[in-house]
Amino acid sequence: VGALLTAVVMYRTQRRWGFNITIDDLTSVVVGAVFGLIIGARLFYVVFYGDGYYWAHPLEIFATNEGGMSFHGGLVGGIIGGIIVCRMYKLDAWTIADLAVIGAPLALCLGRCANFVNGELWGKPTDLPWGVVFGGTAGEMPRHPSQLYEAFLEGIVLFCILQVLSRKKPLLPQGTFMGVFVMGYGIVRFLVEFVRVPDAQLGYLLGGVITMGQLLSLPLVIAGLALIIFARHRNRP
């Protein structure tokens, strides 16, 4: 559903920008990006979050039904998958990337809502009135609904920001939207990790002060800022 919503936003946005990208081409790009996203998300989880488990049980790498996906890997894999399709159909990868990230926060929002419904990736214990009792391995104490924090910030808020920017005249240079998305996600993820329980097999890293999610988010903030700066020196065709 998130992929379909992203495709709809991409199509409507490119029409508003005065481009003429066909629905078939956009659908092909989205399918390629989704395949790359799934592969990249799984591989990153295996490498960065597996803590050696998958090297001892290699066949478990394919057991995606048991969970274990990384957004950071999904981003890398989605970009690679999208670039491959763009080259096949002779589409401008920068423009397609900008279009994709304008709709992508909706998919992120749905994904985090699914995390909440599944009772996974919960937050630390809290006495705030909106604390949620997830039960199971999370125990019976109220916890931060960190999934909903992310759904709102990296989903709704980031989507609104990108929508506003996409309506600015003249059109912002290529790469700007990608930079804002990557930097925005990195900032939100880094901050929410302070109230989110880290993966049990890893815990806190670097002396107990940082999580793997934060460690992987810092390069996103830097890369996003670099993209924005780089975009200022480009002219959109």
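This is a predicted model: local features need pLDDT of at least 70, side-chain atom pairs count only at pLDDT 80 or more; totals for chains, interfaces and linings use all residues.
Residues are numbered from 1 along each chain as its sequence is written, and side-chain values use heavy atoms, with hydrogens and water left out.

Let me start with a pair of helices, where helices (H or I, at least four residues) and strands (E, at least two) are DSSP runs, numbered from the N terminus. Two packed helices are described by the angle between their axes and the distance between the axes. Helix α6, residues 146-166, packs against helix α7, residues 176-192, at an angle of about 160°, and their axes are 10 Å apart. The axes here are lines fitted to C-alpha atoms, for helices over the stretch in contact, and the angles run from 0 to 180 degrees between N-to-C directions. On that scale, angles under 35 degrees count as roughly parallel, over 145 as roughly antiparallel, 65 to 115 as roughly perpendicular and the rest as oblique, and α6 and α7 are therefore roughly antiparallel to each other. The crossing of α6 past α7 is right-handed, a term used if the near helix is turned clockwise from the far one by less than a right angle, with left-handed used if it is turned anticlockwise.

Staying with helix α6, I would point to Phe 159, which has its place there. Phe 159 is buried, at a relative accessible area of 18%, where buried means under 20%, exposed over 50% and partly exposed in between, with a 1.4 Å probe and protein chains only. From C-alpha to C-alpha, Phe 159 and Ile 102 are 6.4 Å apart in space, although 57 residues separate them in sequence.

Now to the charged side chains. How many salt bridges does a search of the whole structure find? The search finds 5, a salt bridge being a side-chain nitrogen of Lys or Arg within 4 Å of a carboxyl oxygen of Asp or Glu. One of them joins the side chains of Glu 150 and Arg 112, at 3.3 Å from N to O. That pair links distant parts of the chain, since Glu 150 is in helix α6 and Arg 112 is in helix α5, 38 residues apart. Arg 112 also meets Glu 154 in a salt bridge, at 2.9 Å from N to O, and this pair too links distant parts of the chain, from helix α5 to helix α6 across 42 residues.

Salt bridges that share partners join Arg 112, Glu 150, Glu 154, Arg 189, Glu 193 and Arg 196 into one network.

Turning to the surface, we come to a nonpolar patch formed by Val 76, Ile 80, Ile 84, Met 88 and Tyr 89, with about 480 Å² of accessible area together. Patches are made of residues with over 30% relative accessible area and no salt bridge, like charges being joined within 9 Å and nonpolar side chains (Val, Leu, Ile, Met, Phe, Trp, Tyr) within 5 Å. The areas come from the Shrake-Rupley method with a 1.4 Å probe, and for residues only the protein chains shown count as cover. Met 88, one of the patch residues, lies in helix α4, residues 71-89, and is exposed at 57% relative accessible area.

Lastly, the loops. Lys 90, in the loop between α4 and α5 (93-118), has a phi near 55°, which is a positive value in a residue other than glycine, and Lys 90 counts as exposed at 75% relative accessibility. Leu 121, in the loop between α5 and α6, has a positive phi of about 55° although it is not a glycine, and counts as partly exposed at 33%.
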